[in-house]
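User: I would like to learn how to read a predicted model of a protein with two chains, taking one feature at a time. Could you give me the general idea first and then the case at hand?

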Protein chains: 2
Amino acid sequence: MHFDQQSLSNIAPRYRAHLINSVTGYKSANLIGTRSAAGLPNVAIFSSVTHLGSNPPMLGFVFRPLTVERHTYNNLKTSGEFTVNHIHTGMIRQAHQTSAKYDAETSEFKACDFTTEYVDECKAPFVKESRVKMACSYLSEHRIEENGCVFVIAAIDSVYVDKEFIAEDGWLDLEKAETVAITGQDGYAKPTMLDRFSYAQPGKEPESLL
Amino acid sequence: MHFDQQSLSNIAPRYRAHLINSVTGYKSANLIGTRSAAGLPNVAIFSSVTHLGSNPPMLGFVFRPLTVERHTYNNLKTSGEFTVNHIHTGMIRQAHQTSAKYDAETSEFKACDFTTEYVDECKAPFVKESRVKMACSYLSEHRIEENGCVFVIAAIDSVYVDKEFIAEDGWLDLEKAETVAITGQDGYAKPTMLDRFSYAQPGKEPESLL
């Protein structure tokens, strides 16, 4: 089946949103925790958190156009701090619910039955139920002129993870952590490891590391 | 286990690369196809392809610093066109092998045993073996000052996908397409759908759509 430019612009907006949201492949599944200037903890689901570099450790993620109030954006711009918390299989329904449009006085932690956790010097709340967590700080942002989205770039300051999920070489066993992946706007999947391969070199078959 | 800023900067670079590459969660698994000015087809694996918007359909992905020759980058800047092709379970070893540093005269299509496919007006090669494919055109790029990476933004001009993978509402069943997800630099996983949920609204439990 072929959708060309013409048919992509003519199909129903909801159909196009489902199609285009799933056509880039699986997405990361994270809850971003922030705290407002007034102290209210906020948590919201994001499927766009992307690795940007290891040295220094950095990630990026996307905000839709700031034409409506974005609590997460306002909070992280004000405080400079936020947390990233993996969503595991037992959390998917609650995590999805954080995408509902709650008013500014409601904490999604309370509304969606998650527990705030404050650790070390980070002023933003972690999600206690999560098994892989990061403390991050805002670095910069790029406005995507083509559609008004904002790509935020942040430093990964701290990583919290159970020892049993870390392989000898630092790789995380996300299957053991039961971290999920997202398809489209509303699909949640549980990945099973197929293989890990050795560093690729011309003329040499990759070897299995598992 | 807690890695703070101090320990993240002190651990061995390979260990940090594995850890930080997997800590953002699962990543999309795509092959990007391009063609050089001289006509040589090129294909390379990318785990950073990210949804940026549905209207108009857009995606973004990251190049590491352009301090060494990046064939994919040069080709897509020259021609303005490229393809994005999902990696399925039967392609993971070959797809991983495209990350080997081949010289500019070698086509990874040939070296890694993939088949070029030219469809409609797109001048860049598709990967015939792939089951979900897009034709894209370069829009703009943002240099990430903090580490020299480049975030490329592109328009999705065409989508090619088997009818059997498309749900009634446009959502793609990536499990049926056997699309994989990537963990870290070298891990490949096969996701199984857990659930799809209805649009979230305050005070209402999300309903299952499956």
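Analyst: Let us start with pairing, for which a rule is needed: two strands count as paired if DSSP finds at least two bridges between them. The model shown here is predicted, and in it strand 2 of chain B is joined to strand 12 (residues 181-183) of chain B by two bridges, the two strands running antiparallel. Within this pairing, Ser28(B) stands opposite Ala181(B) of strand 12 of chain B.

User: Which order do the strands have in the open sheet of six strands?

Analyst: Strands of a sheet pair through backbone hydrogen bonds, in either a parallel or an antiparallel way. Here the order is 2(A)-12(A)-13(A)-13(B)-12(B)-2(B), and the pairing is antiparallel. The edges are formed by strand 2 (27-28) of chain A and strand 2 (27-28) of chain B, each of which pairs on one side only.

User: How many bridges join strand 10 of chain B to strand 11 of chain B?

Analyst: Eleven bridges join these two strands, which run antiparallel, and Ser137(B) stands opposite Ala155(B) of strand 11 of chain B. Strand 10 and strand 11 of chain B form a hairpin with six residues between them, and Gly148(B) in the turn has a positive phi of about 80°. Strand 10 of chain B also pairs with strand 7 (residues 81-86) of chain B, in the antiparallel sense and over five bridges; in that pairing Asn85(B) has Lys133(B) of strand 10 as its bridge partner.

User: Which strand of chain B is joined to strand 1 (residues 2-3) of chain A?

Analyst: Strand 1 of chain A is joined by two bridges to strand 11 (residues 150-161) of chain B, and the two run antiparallel. One bridge partner to look for is Val159(B) in strand 11 of chain B, which belongs to Phe3(A).

User: How should I read the contact between chain A and chain B as a whole?

Analyst: The size of an interface is often given as the accessible area lost when the parts come together. Chain A and chain B bury about 8700 Å² between them, with 61% of it on carbon and sulfur atoms, and 102 residues of chain A are in contact with 102 residues of chain B. Between the two chains there are 60 residue pairs in polar contact, both residues being at pLDDT 80 or more. On the side of chain A that touches chain B, strand 13 (residues 187-196) of chain A gives the most, with ten residues. The residues of that side divide into 47 nonpolar, 33 polar and 22 charged.

User: What is the count of salt bridges between chain A and chain B, and what is the count over all chains?

Analyst: Side chains of opposite charge can pair when their charged atoms come close. Between chain A and chain B the count is two salt bridges, while over all chains it comes to 14. Asp186(B) and Arg196(A) meet through their side chains in a salt bridge at 2.8 Å, N to O. Within chain B, Lys77(B) forms a salt bridge with Glu141(B), their closest N and O atoms being 3.0 Å apart. Lys77(B) lies in helix 3 (residues 71-79) of chain B and Glu141(B) in strand 10 (residues 132-143) of chain B, so the pair ties together parts 64 residues apart in sequence.

User: How many helices and strands does chain A have, and what is its radius of gyration?

Analyst: Chain A has five helices and 13 strands. A compact globule of 210 residues would have a radius of gyration near 17 Å, and the 18 Å of chain A agrees with this.

Conventions: Residues are numbered from 1 along each chain as its sequence is written. Chains are lettered from A and ligands numbered from 1 in the order in which they are written. This is a predicted model: local features need pLDDT of at least 70, side-chain atom pairs count only at pLDDT 80 or more; totals for chains, interfaces and linings use all residues. Side-chain values use heavy atoms; hydrogens and water are left out. Contact means heavy atoms within 4.5 Å. Buried area is the accessible area (1.4 Å probe) that two parts lose on being put together, summed over both. A salt bridge is a side-chain nitrogen of Lys or Arg within 4 Å of a carboxyl oxygen of Asp or Glu. A polar contact is a pair of N or O atoms within 3.5 Å; within protein, one must be able to donate a hydrogen and the other to accept it, and residues adjacent in sequence count only if both atoms are side-chain atoms. Helices (H or I, at least four residues) and strands (E, at least two) are DSSP runs, numbered from the N terminus. Ala, Val, Leu, Ile, Met, Phe, Trp, Tyr, Cys and Pro count as nonpolar, Asp, Glu, Lys and Arg as charged, and the others, Gly among them, as polar. The radius of gyration is taken over C-alpha atoms; the globule rule is 2.2 Å times the number of residues to the power 0.38.
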